[in-house]
Amino acid sequence: MFQELQDWAQVEKATKPVIVKFETDWCGWCRRLTQELLRLAPEFGHRYIWFTVNTDTHPELARRFQIATVPTMICFEHGRPVRRTEGVYAHEIRPFLAGED
């Protein structure tokens, strides 16, 4: 479902909304979020293009989007952030993906 973001143009030129999950390799909460997103994939997977960004290897993107905590998810439309959520609160993930937050 998720692929590592290679070029920011992938977000800017996307034909549907993009979810970017900012994470690190050492983050246990990031792994929990991934598990929850995989559980919700049958319902929401087709609505978005999904990318991950490792903030340790791409600190410039972490700074650009003011990522203070991981995991953080940002939904982009036409290359612009439209909503975001930080942390892993299961009760917030579904509304975020549904665009209800």
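**The disulfide and its surroundings**

Guide: Cys27 and Cys30 form a disulfide, and their sulfur atoms lie 2.5 Å apart. A disulfide is a covalent bond between the sulfur atoms of two cysteines; here it is assigned to a pair of cysteine sulfur atoms within 2.5 Å. By this rule the count comes to one disulfide. The model is a predicted one, in which local features need pLDDT of at least 70 and side-chain atom pairs count only at pLDDT 80 or more, while totals for chains, interfaces and linings use all residues. Residues are numbered from 1 along each chain as its sequence is written, and side-chain values use heavy atoms, with hydrogens and water left out.

The link of Cys27 and Cys30 is right-handed, with 85° about the S-S bond. Cys27 is buried, its relative accessible area being 4%, and Cys30 is buried too, at 1%. Buried means under 20% relative accessible area, exposed over 50%, and partly exposed in between, as found with a 1.4 Å probe on protein chains only. Cys75, in contrast, is in no disulfide, since the nearest cysteine sulfur, that of Cys30, is 18 Å away. Cys75 counts as buried, at 0% relative accessibility.

A polar atom of the Thr24 side chain lies 3.4 Å from the backbone nitrogen of Cys27. Thr24 is buried, with a relative accessible area of 5%. Neighbours within four places in sequence aside, Thr24 is in contact (heavy atoms within 4.5 Å) with Cys30, Asn54, Thr55, Asp56 and Val70.

The wider setting is the nonpolar interior. A nonpolar core is a set of buried Ala, Val, Leu, Ile, Met, Phe, Trp, Tyr and Cys residues joined through side-chain atoms within 4.5 Å. The largest such core has 18 residues, and those with the most contacts inside it are Val11, Val20, Phe22, Phe65 and Phe76. Two or more residues each come from strand E2 (18–23), strand E3 (49–54), helix H3 (59–64) and strand E4 (72–77). E2 gives the most to this core, with three residues. Apart from this core lies another, of 13 residues, among them Leu37, Leu40, Trp50 and Ile93.

Note on methods. Helices (H or I, at least four residues) and strands (E, at least two) are DSSP runs, numbered from the N terminus. A polar contact is a pair of N or O atoms within 3.5 Å; within protein, one must be able to donate a hydrogen and the other to accept it, and residues adjacent in sequence count only if both atoms are side-chain atoms.
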